[in-house]
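Colleague: I would like to go through the terms used for this fold. Please set each value against its definition.

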Amino acid sequence: MSAEGLRLYSYWRSSAAYRVRIALNLKGLAHEIIPVNLAADGGEQHSAEYHAVNPQELVPVLRDGGRIIRQSMAIIEYLDETYDGELKLLPTPARDRARVRGLAQLICCDIHPINNLRVLQYLEREFNTPQVERERWVRHWIAEGFRAFEALLTENPATGLFCEGDDPSLADVCLVPQVYNARRWGLDLDAFPTIQRIDAECLKQSAFELARPENQPDAPKS
């Protein structure tokens, strides 16, 4: 199937959008980035125009011709199932696929949702939570999740160069943005050597490097 007309609504520092950018690159799919500035006054995600695209007022959103797909995990699986390529982000054997999904969901369901922008804004707005305590909150929940993730990698006989074998999978696509966040918030990663090794291996690949927040068209120019 042709990938002409793929358009991704994205914010340069959104972890969820970061995942989809990696997946698009790994699948070798040309796409247009449509920036949505989550940090602008009032937030562009709350505009009437964007609300019509996504009533949740979140990124990412993928347009594929006339189709609109929301939620990063659904978008990535859609891309993997719809577009051919040498690399499949979800393995074929059910057991391997379940392992990859479990690792990905540990990040996307248990770590990321309680540390994203709207949660931190709510803590500040409703409870007057100081910046230093919001940062502690983020580090705590990433560390909790990473302890489990590291243990699961260590006990998995299929852990190779990447989370599941010697090719990147959905688990790696989700891990790298969360490691980026961990570093951004000042989490000491010394306790997670396998996570650090896999992150470094991923970033050797252009698909991951090109998806980095600093390499996005809407990233602030320093």
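Modeller: One definition to begin with: a crossing is left-handed if the near helix is turned anticlockwise from the far one by less than a right angle, and right-handed if clockwise. Helices (H or I, at least four residues) and strands (E, at least two) are DSSP runs, numbered from the N terminus. This is a predicted model: local features need pLDDT of at least 70, side-chain atom pairs count only at pLDDT 80 or more, and totals for chains, interfaces and linings use all residues. Residues are numbered from 1 along each chain as its sequence is written, and side-chain values use heavy atoms, with hydrogens and water left out.

Colleague: Which hand does the crossing of helix 3 and helix 7 have?

Modeller: The crossing of helix 3 and helix 7 is right-handed. Their axes come within 11 Å and cross at roughly 140 degrees. Axes are lines fitted to C-alpha atoms, for helices over the stretch in contact, and angles run from 0 to 180 degrees between N-to-C directions.

Colleague: Why is helix 3 called oblique to helix 7?

Modeller: Angles under 35 degrees count as roughly parallel, over 145 as roughly antiparallel, 65 to 115 as roughly perpendicular and the rest as oblique. The angle is roughly 140 degrees, so helix 3 is oblique to helix 7.

Colleague: What makes the contact of helix 3 with helix 7?

Modeller: Met73, Ile76 and Glu77 of helix 3 meet Leu170, Val173 and Cys174 of helix 7. Contact means heavy atoms within 4.5 Å. By class, five residues are nonpolar, none polar and one charged. Here Ala, Val, Leu, Ile, Met, Phe, Trp, Tyr, Cys and Pro count as nonpolar, Asp, Glu, Lys and Arg as charged, and the others, Gly among them, as polar.

Colleague: How are helix 6 and helix 7 placed?

Modeller: Helix 6 (residues 131-155) and helix 7 (residues 170-184) pack at about 135 degrees, with axes 11 Å apart. Helix 6 and helix 7 are therefore oblique to each other. Their crossing is left-handed. Ile142, Phe146 and Phe149 of helix 6 touch Leu175, Gln178, Val179, Asn181 and Ala182 of helix 7. That contact has six nonpolar, two polar and no charged residues.

Colleague: Why does another word apply to helix 7 and helix 8?

Modeller: Their angle is about 110 degrees, with the axes 10 Å apart. Helix 7 and helix 8 are therefore roughly perpendicular to each other. Among the contact residues are Asp172 and Arg183 of helix 7 and Asp199 of helix 8. The classes are six nonpolar, one polar and three charged.

Colleague: What makes strand 1 mostly covered?

Modeller: Four of its five residues are buried. Buried means under 20% relative accessible area, exposed over 50%, partly exposed in between (1.4 Å probe, protein chains only).
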